Each structure stands twice: as structure tokens, then as C-alpha cells.
Amino acid sequence: MNEIKNVKQLLKKKTKYLAIWASAWVGTLAFLSFGVNNLWESLTLTKIGLLINFALGIVLIVANKNLFNLYDELQRKIHLESMALTLGLTVIVGISYEVSFDFGVIHSEPEGEYLIMFTCFSYGVSMLFNSLRYR
Amino acid sequence: MKNKIRELRKQRGLTQEELAEIIGISRQAINAIEKEKFDPSLPTAFKMAKLFKTSIENLFLHD
């Protein structure tokens with residue numbers, strides 16, 4: 001029983017870490033974008049900023065992996081199915097959009113940001129759908 | 001896969017939460033297993049069989 005309580009506490013702790021690192025990564029990215037446009041012109045500062053942001057991104061990935069390893073078998077299945085669905089959707093929708101643009105069917109040029117937003121959206125929807133499915 | 005988890009759990013007067021804590025998985029996982037929406041891993045199946053003092057073959061019935 002104590003072991004389970006420890007796992008629950010550890011889950012809370014790791015989720016908190018993930019939130020902190022995700023905020024730090026997004027924060028540095030936002031600061032970097034703002035800084036490059038408004039605060040400095042030095043390429044060296046931009047490179048340092050990019051390195052810090054990249055390092056935080058790596059820590060974020062490790063934090064996410066650590067949290068994933070704490071999930072039980074059902075939670076892992078839900079996340080894996082959501083990831084599989086998101087990967088498939090992102091590739092198919094991304095390529096369809098690109099090809100449609102090339103063929104002149106769509107006139108709005110494909111942007112990387114759209115794909116990232118679509119990935120986040122489809123992962124969120126997949127998680128919700130799969131969580132409800134196994135309730 | 002069909003199983004007798006709910007029946008055996010109730011016989012022992014355990015809640016899903018209590019069983020989840022003993023086995024070491026989430027309550028949602030116990031619920032999904034009982035509703036036969038999700039098949040547990042082999043280690044979980046062994047833990048359940050040991051807890052209910054029965055065999056895996058008796059606990060889980062292949063369709």
C-alpha cells in the first residue's frame with residue numbers, strides 16, 4: 001500500500017516537473033522571439049538563447065519520458081494509442097495539405113506552426129476519446 | 001477477454017480502489033478490466049490470481 005502511495009506521490013511530483021519544464025521551454029522560446037525582435041541585435045546572444053531553449057527542450061523530453069514510465073499499463077495504452085493516432089493524422093493531413101497547395105487546390109501556404117497546432121489538437125482529442133473509451 | 005474479477009473482488013468485500021492499490025495499478029484500469037474493455041498484462045494477471053488464490057485460467061476465460 002505504501003508503495004502505491006509513493007507511486008501516486010511520485011506521479012504528482014513528475015507531473016509538476018513536466019509542467020515546470022514545459023513552462024520554462026515555452027517561456028524561453030517566447031522571450032527569445034521577443035528579444036530578437038525588440039531587445040538585442042547580437043547574433044551571439046541569439047545563439048546562446050537558442051542553446052538554452054534547446055537544452056530546456058531536452059530536459060522537457062526526459063521529464064515526459066520519466067512521467068510516462070510511471071504510468072500503469074492502461075494509462076500507457078491510452079497514451080500510446082493517442083500518439084499513434086496523432087502521428088498518423090499529422091503525417092497524412094500534413095502531406096495532403098502540402099500536395100493540395102502544390103496542385104493549387106489550397107491557396108494558403110502550409111506553415112510549420114499549423115502542423116504543430118494540429119498535432120497538439122489531435123493529441124488532445126485522441127487522449128480525451130481514448131480516456132472515455134476505457135472508462 | 002471474459003474474467004471473474006468483479007465477482008471475486010465483491011466476494012472479498014474489496015472496492016475497485018482497494019483492489020487497485022493492492023495490485024499496483026489505477027482504479028480506472030481495474031474498472032476497464034472488469035468491464036472487459038482492457039486485458040491486463042501477465043504480471044498483473046498473476047498478481048490477481050495470487051490474491052484471489054486461483055489460477056489464471058480460472059480467472060480469465062478465453063472467448
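**Close-up views of a predicted two-chain model**

**View 1. The two assigned domains of chain A in the predicted model.** Between the C-alpha centres of domain 1 of chain A and domain 2 of chain A the distance is 22 Å.

**View 2. The contact between chain A and chain B.** Chain A contributes 10 residues to the contact and chain B contributes 12 residues. On the side of chain A that touches chain B, two or more residues come from each of α1 (2-39) and α3 (73-102) of chain A. The element giving the most to this side is α3(A), with four residues. Sorted by class, the side of chain A that touches chain B consists of five charged, four nonpolar and one polar residues.

**View 3. The largest nonpolar core.** This core has 13 residues. The residues with the most contacts inside the core are A:Leu74 from chain A and, from chain B, B:Ala20, B:Ile23, B:Ile25, B:Ala29, B:Ile30 and B:Ile33. At least two residues of the core are supplied by each of α3 of chain A, α2 (16-23) of chain B and α3 (27-34) of chain B. The largest share is that of α3(B), with four residues.

**View 4. The surroundings of B:Ile25.** B:Ile25 is among the residues with the most contacts inside the largest nonpolar core. With neighbours within four places in sequence set aside, B:Ile25 is in contact with A:Asp72, A:Glu73 and A:Leu74 in chain A. Within chain B, the contacts of B:Ile25 are B:Ala20, B:Ile30 and B:Thr44. Of these partners, A:Leu74, B:Ala20 and B:Ile30 are also listed with the most contacts inside the core.

Terms used: Residues numbered from 1 in each chain as written. Chains lettered and ligands numbered in written order. Predicted model: local features only at pLDDT ≥ 70, side-chain atom pairs only at ≥ 80, totals over all residues. Domains from an automatic or database assignment. Contact = placed C-beta atoms within 7 Å. Nonpolar A, V, L, I, M, F, W, Y, C, P; charged D, E, K, R; others polar. Core = buried A, V, L, I, M, F, W, Y, C linked by C-beta atoms within 7 Å. Buried ≥ 20, exposed ≤ 12 C-beta atoms within 10 Å, placed from the backbone.
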